[in-house]
Amino acid sequence: MNQALRRPLIYLLFVLPGLVLFAAFFIYPVLTAVTNSFTSWNGISQDKAYIGVDNYTLALSDAAFWRSVRNNSYFILFSCFVQVPLIVLFSLLIAQVKKLKGLYKTAVFLPSILSTAVIGILWGFIYHPDFGLMNEALGLFGIESVYWLSDRRWAMVAILITNAWQWTGFYIIMVLAAILAIPAELEEAARIDGATGIQRALRITLPLIVPILSVVVMLSIAGAMKAADIVLVMTKGGPAGSTDVMATYMIRYAITSFKHGYGNTIAVLIFVFTIVLTAVYQLLIARRIEGREA
Amino acid sequence: MQTAKRTILHVFLMGYLLVILYPFLFVLFSSVKTSNQEIAARPFGLPESLQWTNYANAWVNAKISTYFLNSLYIGLLSACLSILLAAMLAFAISRMRYRRLSMLLFQLVLLGMLIPNNALLLPIYGMMRELHILDTHLALIVPYTANAIPFSVIILTAFMRALPGEIEEAAVMDGLSPLGLFAKIMVPLTLPALVTIFIINFLGNWNEFLLANYFLSDDALMTLPVGMVGFRDAYNTNYAQMSAGIVFSVLPVLILYAILQEKIIEGVTAGSVKG
């Protein structure tokens, strides 16, 4: 038995193709990004001049870079303070109803499996200043037309709304699954003790779904650090860089202006920020939540 | 009292449903309208007459047909390749008798889930150029295949580990080699998981924008999301035709979703939580 499944050659045959591809596309790129981040390489020529940490000091002293960092953090803040309350509200509501539950689940989840690029196009259309749905709808309330995507004050908000439209339902389904997994006896006992629906939601359901909400926040952080396509498709980082996120800032330098070394520096910074943010969140918040559970 | 409460719940939920579904309806209506004027005049209304020619025009003039087939072929091929490689890797990790080495490999693959892959765009771009496959479909097929490996391996390993050991004992007793065990026992038994992962990977490839946008410059090679964005930038005067284009790109996903909804929801959420 053991001998049949202990053949080194066959093990290699099974492992190697996948492993080589994995190493080539996950490990090797990380290493090259780090080495190139210390060069002034333009991405094409043979010679790479090592310039130490110059790229890093340049990035960290560039106001445009910090603006892109700020926009990434808007993604995180928007999901914590706007999306999470909506997620809690709607998953509690869907858990309560019996009729049409399937329809709600299906519809709510739908946007998250569509292409972000196409959603960007679709919402660009909705935000169209002259005949987009948004201004038409606001017009019904007598609100004046807004140039959503070309006005510096509104462009970022417009993107955040679109992003929320795409992803809120996805998280609702996750949280809903957690709510439906709560043993029915808990609800029942509270009901017998005379707790109202709202009391049961706040005192029983909510505390029990805090861990999954913590996962939602965690995933939002990861998603926010990756955000790129939605910005590229909707505003290309404009107007005047006001909607740039780190990834689009990186692309602008590396591919459009041939500052490949500098672009790699930004890539490494995205990396470092993501890891630091995740670690801080895990240590300060997630662990405390789990601790309370235990 | 109870029914009044129920009604209020449904009103809220219907409101949310409207916010999600109305944009689709808006696009569907716009796609059969005559012109921008008609869209502007009555954005909420049904079109006066159905202009199906918008679809024909989008399919041919806007080359949606080319983009559609490119996306389909790249998406399917990459999903097939990654599922094959991932299943082999998962089989070796979960069933062959190299416990410690397999443990190490699994941890390594798990690490891949933590890497924000947008940040790897530049190094991968450089690799594709050195291999001289930029501006060919291989420049997408290879990275797409690789990108799906960590997620697929993690899910499949969990699935294969859960299978009872007696199955392979019986198979080996009957003289099956590890290759036969993999092909004749493991693959059929894990078929449900393989299908789920296949769909998730296909959807991911079908929707991918970043690599597709920067690794290909020949218009005839482009995938649907990139082609659509190009179409918008070039034809942004004709919103009716653009809406028809959006319908073409969303429709296959909707059909898949209608048929395999449970599997898709389960697979997508499992994949993200693992990360």
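Analyst: What follows begins with the contact and then moves through each chain in turn.

This is a predicted model, in which local features need pLDDT of at least 70, side-chain atom pairs count only at pLDDT 80 or more, and totals for chains, interfaces and linings use all residues. Residues are numbered from 1 along each chain as its sequence is written, while chains are lettered from A and ligands numbered from 1 in the order in which they are written.

The contact between the chains takes 69 residues from chain A and 71 residues from chain B, where two residues are in contact if their C-beta atoms, placed from the backbone, lie within 7 Å. On the side of chain A that touches chain B, the element that gives the most is helix α1 (residues 8-36) of chain A, with 16 residues; helices (H or I, at least four residues) and strands (E, at least two) are DSSP runs, numbered from the N terminus. Sorted by class, that side of chain A holds 51 nonpolar, 12 polar and 6 charged residues, with Ala, Val, Leu, Ile, Met, Phe, Trp, Tyr, Cys and Pro counted as nonpolar, Asp, Glu, Lys and Arg as charged, and the others, Gly among them, as polar.

Chain A as a whole has 12 helices and 0 strands. Its radius of gyration is 24 Å, well over the 19 Å that the globule rule gives for 294 residues, so chain A is more spread out than a compact globule; the radius is taken over C-alpha atoms, and the rule is 2.2 Å times the number of residues to the power 0.38. The C-alpha trace of chain A spans about 75 × 75 × 35 Å along its principal axes, and 41% of the 294 residues are buried, a residue being buried if 20 or more other C-beta atoms lie within 10 Å of its own, exposed if 12 or fewer, and partly exposed in between, with C-beta atoms placed from the backbone.

Within chain A, helix α7 (residues 152-180) has 29 residues and reaches 43 Å from its first C-alpha to its last, close to the 42 Å expected at 1.5 Å a residue, the expected span being 1.5 Å times one less than the number of residues. This helix, α7(A), bends by about 35° at A:Trp167, the bend being the angle between axes fitted to the seven residues ending there and the seven starting there. In helix α3 (residues 63-96) of chain A sits A:Leu77, which counts as partly exposed because it has 14 C-beta neighbours inside 10 Å. A:Leu77 lies 9.2 Å from A:Ile221, C-alpha to C-alpha, although 144 residues separate them in sequence.

Chain B has 14 helices and 0 strands, and its radius of gyration is 23 Å, whereas a compact globule of 275 residues would have one near 19 Å. Buried residues make up 47% of chain B. Chain B is divided into domain 1 (1-61 + 237-256) and domain 2 (63-235), with bounds from an automatic or database domain assignment. The C-alpha centres of these two domains of chain B lie 33 Å apart, and their contact takes 12 residues from domain 1 and 11 residues from domain 2. On the domain 1 side, α14(B) supplies the largest share, 7 residues, and the residues of that side divide into 7 nonpolar, 5 polar and no charged.
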